[in-house]
Amino acid sequence: MKKCFLKKDLFSLGSSPLLPCTVQNGGIHNPVTAGTAVTSGGLTFDNFRSLETGTPEPAGMLSLRSGLPGLGVLRLRDSWPMAAVAIVALGSGLLAQTGIPATIVIQSQPASTIAYGFSGFNTPQPRNGVEYFDPKFLAAATPLKGGWVRYPAGTASMAFDWNPASPTGGHINIAWMNSLIQGNPPAVTGQAAGILTISQQLTQAKGGVWLFDFANFADTLGAASVLCFNTYTDDNPGSATQMALAAKSYGLHVVEWELGNEAYLYPVVYPSAPAYAASVYNPYFKDVIAGAPTATAGLFYAGQYPGTLSTAFAPTWFPSWDAGMQGYTPQYWNAASNHIYPIVSPQTAQNTMWTLNGLLAYGSSDYITSYLVPLMGPGTPIYITEFNCCSDYSNKFLTYLYNGIFMAEYTARLSTVPNVKAVGVNSLYTDNSDYHGLIQSVNDFESYLIGQVEANPDYSTNTATNPLTQFQFYTSAPGLAMEVANQAINSGNQLLPTTVAGGPTVQILGFDGNPIPAIYA
């Protein structure tokens, strides 16, 4: 599937095989000399003709090739004051149509803004063996250019004690965990219960997952942060206030505080949206505001892509949750969190691609504006703090380049919606049993670390320096795609209006079933 996303400051391109893609100037000055060939990062940008300000000229032809099949990025010279960004992606099902020409017209006005550092990552370090400060991890994470990172995690946050002054600080509190997984009925079961159990062992094994280490990690990456507070079990008095004060003292730029990760999935704890909203207000929301009076604090809406099988809940559960959030008064929160996992069960690769094509066309920006914005209100900032094609950890499509192309375009599409302030891929790194990670390691060492804790519950080590836990990180194909996309998304500050004429089409599944244009601008 071939896609172009047009923004400001970069011109990111790529195609394999060669595709004629015409770009016309709609009032943008471009001083690049006619016939000039520019090569960068294995990409060649040929014969982009000079165009005069305000006067569209005959179009330049882009001859594009990339060493990364489907994606590439090229930065034009800095003297172009109103440069455009295009991320061009090629996937399966289009090879027979690559000779069909398309014209992209870029206008310089009216331009709209994009939130700085828009594209980020969930970084669930409690549930893996990697230290924030491992130099090899920092070297692997830095090129992905995340605009923000999340602490401490999603599911693992539900029994996590952040406070270094607490006896269980930096760890999963065993009593809190047991209250969730051993109740009658248990509040947390299945995969989520397994995550909590493993997270307890791994936070112990590596000596804790600390907010100050996370702050240094974010600072090294030049990233902002999203902090997800444990409203399920953290009953330490004033804990959220203390965390807000600590975050400020560590120099964290917190773009959103999240209260109660995915509360809609745990009806034993939160039997309804109104019950959730009422419970979270006091003490958690009040405590965050006490420590950070100008904080952006969001509650969770289920949305239409919560990433769980519908059979696990009554058919009306998620719509009822969202309606309950919409109807609750007073709406004291000033932001909203949402997670997006469109595909729950593995499909064939072709059906997965066609399903994702449909989601790009109708389930991305249209979904936000037609479903989430009316629920949350036109002035409410929206933070998508977990996002991927698929929720099943074992779905190998998570590792395919096409998934990276999908995530890159989906993120770019959402950047055009003013309410959306951040979109984050889940996850930056995951262990070898979970294919969500943009970064993986040859050996995740989890069996070794868990074995040490089982033999000695007080065991802990520094996995960055332990000679028996020397990680060898590599970037997955989707990680490479997001690395390319983030160069454009997180360095741009304006969106330029564009139109596309002509070009090939691709198949979709769902929605109206009709083929959609293969080029998006």
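The model is predicted, so local features need pLDDT of at least 70 and side-chain atom pairs count only at pLDDT 80 or more, while totals for chains, interfaces and linings use all residues. Residues are numbered from 1 along each chain as its sequence is written, and side-chain values use heavy atoms, with hydrogens and water left out.

**Whole chain**

Start with everything selected and color by secondary structure: the protein has 12 helices and 24 strands. These are DSSP runs, with helices being H or I of at least four residues and strands E of at least two, numbered from the N terminus. Of the 521 residues, 59% are buried (under 20% relative accessible area; exposed is over 50%, partly exposed in between, with a 1.4 Å probe and protein chains only). Among contacts (heavy atoms within 4.5 Å) between residues at least 6 apart in sequence, 80% join residues at least 24 apart.

**A helix pair**

Now select 190–205 and 446–455, which are α3 and α11. Their axes come within 9 Å and cross at roughly 85°; axes are lines fitted to C-alpha atoms, for helices over the stretch in contact, and angles run from 0 to 180 degrees between N-to-C directions. The two helices are therefore roughly perpendicular (65 to 115 degrees; under 35 is roughly parallel, over 145 roughly antiparallel, the rest oblique). Show side chains for Ile198, Gln201, Leu202, Gln204 and Ala205 on α3, which meet Glu446, Leu449, Ile450, Val453 and Glu454 on α11. That set divides into six nonpolar, two polar and two charged residues.

Step back to phenylalanine 445, in the loop between β19 (439–441) and α11. Its phi is near 60°, a positive value in a residue other than glycine. Is phenylalanine 445 buried or exposed? Phenylalanine 445 is buried, at 12% relative accessible area.

Next, pick phenylalanine 511, in the loop between β23 (505–506) and β24 (516–517). Here phi is also positive, about 55°, but phenylalanine 511 is partly exposed at 47%.

**Two cis bonds**

Finish with two prolines. Tyrosine 151 to proline 152 is a cis peptide bond, omega near -5°, with proline 152 in the loop between β10 (148–151) and β11 (160–161). Threonine 329 and proline 330 are also joined by a cis bond, omega about -5°; look for proline 330 between α7 (317–327) and β16 (335–340).

Conventions. Ala, Val, Leu, Ile, Met, Phe, Trp, Tyr, Cys and Pro count as nonpolar, Asp, Glu, Lys and Arg as charged, and the others, Gly among them, as polar.
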